Amino acid sequence: MFNASLKQLSSQLAEKKISSTELTTEFLNRIKKLNPEYNAFITLNEDISLAQAQAADKMLASGQAGPLTGIPIAQKDIFCAKGWLTTCGSKMLSNFISPYDAGVIERFNQAGTVNIGKTNMDEFAMGSSNETSFYGLVKNPWDVAAVPGGSSGGAACAVAARLAPAATGTDTGGSIRQPAALCGISGIKPTYGLVSRYGMIAFASSLDQGGPMAKSAEDLALLLNIMVGFDPRDSTSLQRDVEDYARDLQKPLAGLRIGLPKEYFAEGMSKDVESAIEKALDEYRKLGAEMVEISLPNAALSIPVYYVLAPAEASSNLSRFDGVRYGHRAPSYSDLGDMYRKTRAQGFGAEVKRRILIGTYVLSHGYYDAYYIKAQKLRRLIAQDFTEAYQQCNIIMGPTTPTVAFNLGEKSGDPIQMYLSDIYTSAANLTGLPAMSIPVGFGDKNRPVGLHIIGNYFMEAQMLNAAHQYQQITDWHLQSPV
Amino acid sequence: MQWEIVIGLEVHSQLSTRSKIFSGASTAYGAPPNTQACVIDLALPGVLPVLNKGAVERAVKLGLSVGAKINSPSIFARKNYFYPDLPKGYQISQYELPVVQGGSIQIQVNGVEKNIRLTRAHLEEDAGKSLHEDFHGMSGIDLNRAGTPLLEIVSEPDMRSSAEAVAYAKTLHALVRWIGICDGNMQEGSFRCDANVSVRPRDTEKLGTRCEIKNLNSFRFLEKAIDFEARRQIEILEDGGTIRQETRLYDANKDETRTMRTKEDANDYRYFPDPDLLPLEIPQHWIDQIKQTMPELPQVRRDRYVSKFALSAYDASALTSSRETADYFEATVTQLPAQAKLCANWIMGEISGQLNKEGIEIAACPISPEQLAVLLMRISDGTISGKAAKTVFESMWSGELDKNVDAIIAAKGLKQISDDNAIEQLVDQVLAANAQQVADYRNGKEKAFNSLIGQIMKATQGKANPAQVNAMLKKKLAE
């Protein structure tokens, strides 16, 4: 049951072989058993989860169920969910019970899924190792000495350790794909604007995008069918015709032109990762795909551009956490200025403070043109690279991360090394392109390797097709550490 | 030395939308604290702004009415600073590309016309209110006002006296009400002025260092604050000092301005485009559509009143001081187009006097334009005298006889004697009874004429048509 696909769970529920209440209880028990080791969840709320399961059982009984009704989903603690503690991994929100549902949560509720718990994450989604969470680090279930990746580290761990059939994540610079790669699961960041950002606590508004994390591409397609949709409460949400993301899963790949950026297959990628990626590409050749070498000359600028723009937006987005209306407030202070200083000094962790400082600096009078404006110009150049690349290929592949999961503590003292974890992933956020990671084997210390697939705008169905076809002839996605 | 005062105004005009600029919460004034602040106004984690189309439409209306350029796209930017009544820690405003750019407004001071250029007008959200009364040793925050739509209208430094500044503010105030984008209620803060004031030696070009005076919520305070500030700056300069650029607050009780903050402790607002809002595109067809719904502008009406009704510029200005007054005038004058001056006199005289006295708006005037027109017709056709008309007017105002002019005239016996034969008879009678005065007049005593008129009016209880009596008497005495 813990290894079952969403489709399998769905038919078991439909055929009454198991009830949602039973399924939910099984997963809750497994969480209770294993979570103390992994720390993948910040909050469990059995009362709400079981009430949702019972409601789902009624829907199933009355024939009103949708494809995923009754299936437990782990929600990243960045999504506001009514009645749930919603912390964003921060002391700042350690007492914040959300009075409202995020757009994504609403869509899951309407689909009749069960919220099985809120997953751990880097504080305010800032981090690549899940070590910046106020609620403690998360361990990689493949090797508890390793990081699970971040910022959606709790979600990746929960799916890999089979603590939940699927999870949600958010991705600002790689926060779905990098932990998916490090934990050996599948995850997709859709085209910017497809998934509502309403109620998803903002890190960098122009880069943030929610998406699903699951065992397989097929599961991702079913989850996307729920998550994607226009939301008038988000001005950057796109109004498009409804798509079935599973419609093309079975298409043969013959003739698919896969672009391999020469800049991604160069210095920086470790040998073990390279060998797993090469083997995966061989499988794609077997499936009839054609490899094309492409160039993304400005791709190397992604990290510097990202680390100007993301902190700039974050420094402003996080200003609302001031101790005035909700969240943490310093217990004692002498005046208003002192209240602000102490509240924010106590409420935010070191990485969040670092990014607020960087962001404040790059937006400051006299530096704005040199940093922020310049970064915006480079951002357009990076997007142009991709536009040109897609003249030659349908889809782009490469490694999701330069190395397999690093050890806990290994990079936490070296922010630059940590930031370089996102070297391949952040370009998709800067351009708004859809991108995903799927497991393609193991590297050093038997830690998972992820294949990065970047599609053209709105080509999610094609990407899922490519991933699904690979998963039909391989079984990396079926392997579980526990 | 002769000094010249240079003034530019920034006006925050609250747009009359029912909901806020980025949320669906109500903008109604006076609700209990924090009852009109939704999750978006409270800046809960995860909430996002969605622009209110009605606010944009109102900004476009202002732009069209001052001949400005409507920018498309225009950009919303974040102005970052910390304050407890600013829930997000930034205000959404417009910085580099405002929705309205340029344009101008005609003002009149002592009968002289002057053109005041506008720099720009941009959309932004209002902050909440800090309540510094004591709440158990703490300050209170009311976020009802947070997110209320504002249009900040910025003028060029084109005004040279407090009188010009007041004329500009009044003209703009009338305009925003005229085009229906702002209720103009200054007590409730719907129309707030900041004045940038500097002085320079007369006949020089270079602008002096300016001080900004904040939150002038009446035209009188605007005038007094500018006068005080200009005097203050001139005194400093004449004593050999220099002006420090700063923001000052006007204290109405002491009639003085004082330092609020200097340039040195000004915030670095770190403006940048708001990534939660797309660039605002205003397609031409929408602008054209808005144009269709615009009323005739005050300046156009003023010119029409002068050319069509031969009114003086002064009368035309007074009648177009508000759209309601102008509409009232037009509804009256259509009934008797040849008597525009009579209509204007009565509206600016009796009607406006009575409204002022009772403190009510013309929209709530108890006498309708149609009813007034009937009264004025009775004056112009000689049925009643102007003096009697005032009596009728008072009766109408207090609602007597359903405000029926003819019924009131009949009931009060105010009908004027205008029949030539009747008047001749009257005159003959009076002449016969006052032989002495007739003799006096014929001997050159002009005064006797007035006495005879008085006798006739007395005999008719003032109802005889004075012009006719006058003419008949002259004729008879000349016989």
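**Exercise 1.** Which exposed residues does the face of helix 10 of chain A turned away from its buried side carry?

*Solution.* Start with the ground rules. This is a predicted model, in which local features need pLDDT of at least 70, side-chain atom pairs count only at pLDDT 80 or more, and totals for chains, interfaces and linings use all residues. Residues are numbered from 1 along each chain as its sequence is written, while chains are lettered from A and ligands numbered from 1 in the order in which they are written.

Next, the terms. Helices (H or I, at least four residues) and strands (E, at least two) are DSSP runs, numbered from the N terminus. A residue is buried if 20 or more other C-beta atoms lie within 10 Å of its own, exposed if 12 or fewer, and partly exposed in between, with C-beta atoms placed from the backbone.

Now the buried side. Y340(A), T343(A), R344(A) and G347(A) are buried in helix 10 of chain A. Down the helix axis, these buried residues fall within an arc of 90° (directions from the axis to the C-beta atoms), so they line one face. The face turned away from them carries the exposed residues G337(A), D338(A) and A345(A).

**Exercise 2.** Check the span of helix 10 of chain A.

*Solution.* The rule is 1.5 Å times one less than the number of residues. Helix 10 of chain A has twelve residues, so it should span 16 Å. Its end C-alpha atoms are 16 Å apart, which agrees.

**Exercise 3.** How many residues of chain A are in contact with chain B?

*Solution.* Two residues are in contact if their C-beta atoms, placed from the backbone, lie within 7 Å. By that test, 36 residues of chain A meet 25 residues of chain B. Helix 9 (302-317), helix 10 (336-347) and helix 11 (350-363) of chain A each supply at least two residues of this side of chain A. The largest share, three residues, comes from helix 9.

**Exercise 4.** Compare the radius of gyration of chain A with that of a compact globule.

*Solution.* Take the radius over C-alpha atoms; the globule rule is 2.2 Å times the number of residues to the power 0.38. For 482 residues the rule gives a value near 23 Å. Chain A has 21 Å, which agrees. Its C-alpha atoms fill a box of roughly 65 × 55 × 45 Å along the principal axes. Buried residues make up 60% of the chain. Chain A holds 15 helices and eleven strands.
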